[in-house]
Amino acid sequence: MRIFLVMGAVATLAACGGGRVSGDISAACMNAGRVAASPQLCSCVQQVANQSLSDRDQARAAAFFADPQRAQDIRQSDNRSDEAFWLRYRAFADLATQVCRPVAV
């Protein structure tokens with residue numbers, strides 16, 4: 001099933017021509033000051049987020065870029081809402097890692 005998700009995401013990203021997409025995740029990605037961040041990579045991650053997370057989940061996940069401790073707190077939370085969000089977030093992160101992995105030149 002996972003391979004179908006990856007194939008679907010890749011097909012969707014290819015269909016939109018790899019154009020730049022902006023949103024909470026993309027902006028947080030670019031503003032985080034990470035060496036590997038690029039407009040292309042952050043746009044790809046945003047496109048995966050658009051397919052797999054609600055707007056509310058995207059805003060919540062975008063905060064992780066500036067405050068990684070927030071992600072750790074949610075991951076360790078016993079709150080059912082936090083647990084459900086964490087499962088959705090991990091699925092998004094895993095898919096984004098597979099689809100948007102930078103190609104070594």
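**Helices, core and disulfides in a predicted model**

The protein has six helices and zero strands. The model is predicted.

Visitor: In what order do the elements of the protein run from the N terminus on?

Guide: The order is α-α-α-α-α-α.

Visitor: What makes Cys42 count as buried?

Guide: Buried means under 20% relative accessible area. Cys42 has 0% relative accessibility, so Cys42 counts as buried.

Visitor: What makes Cys44 and Cys100 a disulfide?

Guide: The sulfur atoms of Cys44 and Cys100 are 2.0 Å apart. The limit is 2.5 Å, so Cys44 and Cys100 form a disulfide. About the S-S bond the value is -85°, and this link is left-handed. Both Cys44 and Cys100 are buried.

Visitor: Why does the pair of Cys44 and Cys100 tie together parts that are 56 residues apart in sequence?

Guide: Because Cys44 lies in helix α3 and Cys100 in helix α6, the pair ties together parts that are 56 residues apart in sequence. In general, a disulfide is a covalent bond between the sulfur atoms of two cysteines.

Visitor: How many disulfides does the structure hold?

Guide: The structure holds two disulfides. With bonded cysteines counted along the chain, the pattern is 1-2, 3-4.

Visitor: Which residues touch the most other members of the largest nonpolar core?

Guide: The core has 22 residues, and those touching the most other members are Ile25, Val45, Val48, Phe64, Tyr89, Phe92 and Cys100. Helices α2 (24-31), α3 (39-52), α4 (55-66), α5 (68-76) and α6 (80-100) each supply at least two residues of this core. The largest share, nine residues, comes from α6.

Visitor: What is Tyr89 in contact with, leaving aside its neighbours within four places in sequence?

Guide: Tyr89 is in contact with Leu53, Ala61 and Phe64. A contact requires heavy atoms within 4.5 Å.

Terms used
Residues numbered from 1 in each chain as written. Predicted model: local features only at pLDDT ≥ 70, side-chain atom pairs only at ≥ 80, totals over all residues. Heavy atoms only, no water. Helix = DSSP H or I, 4+ residues; strand = E, 2+ residues; numbered from the N terminus. Core = buried A, V, L, I, M, F, W, Y, C linked by side-chain atoms within 4.5 Å. Buried < 20%, exposed > 50% of the residue type's maximum accessible area, 1.4 Å probe, protein only.
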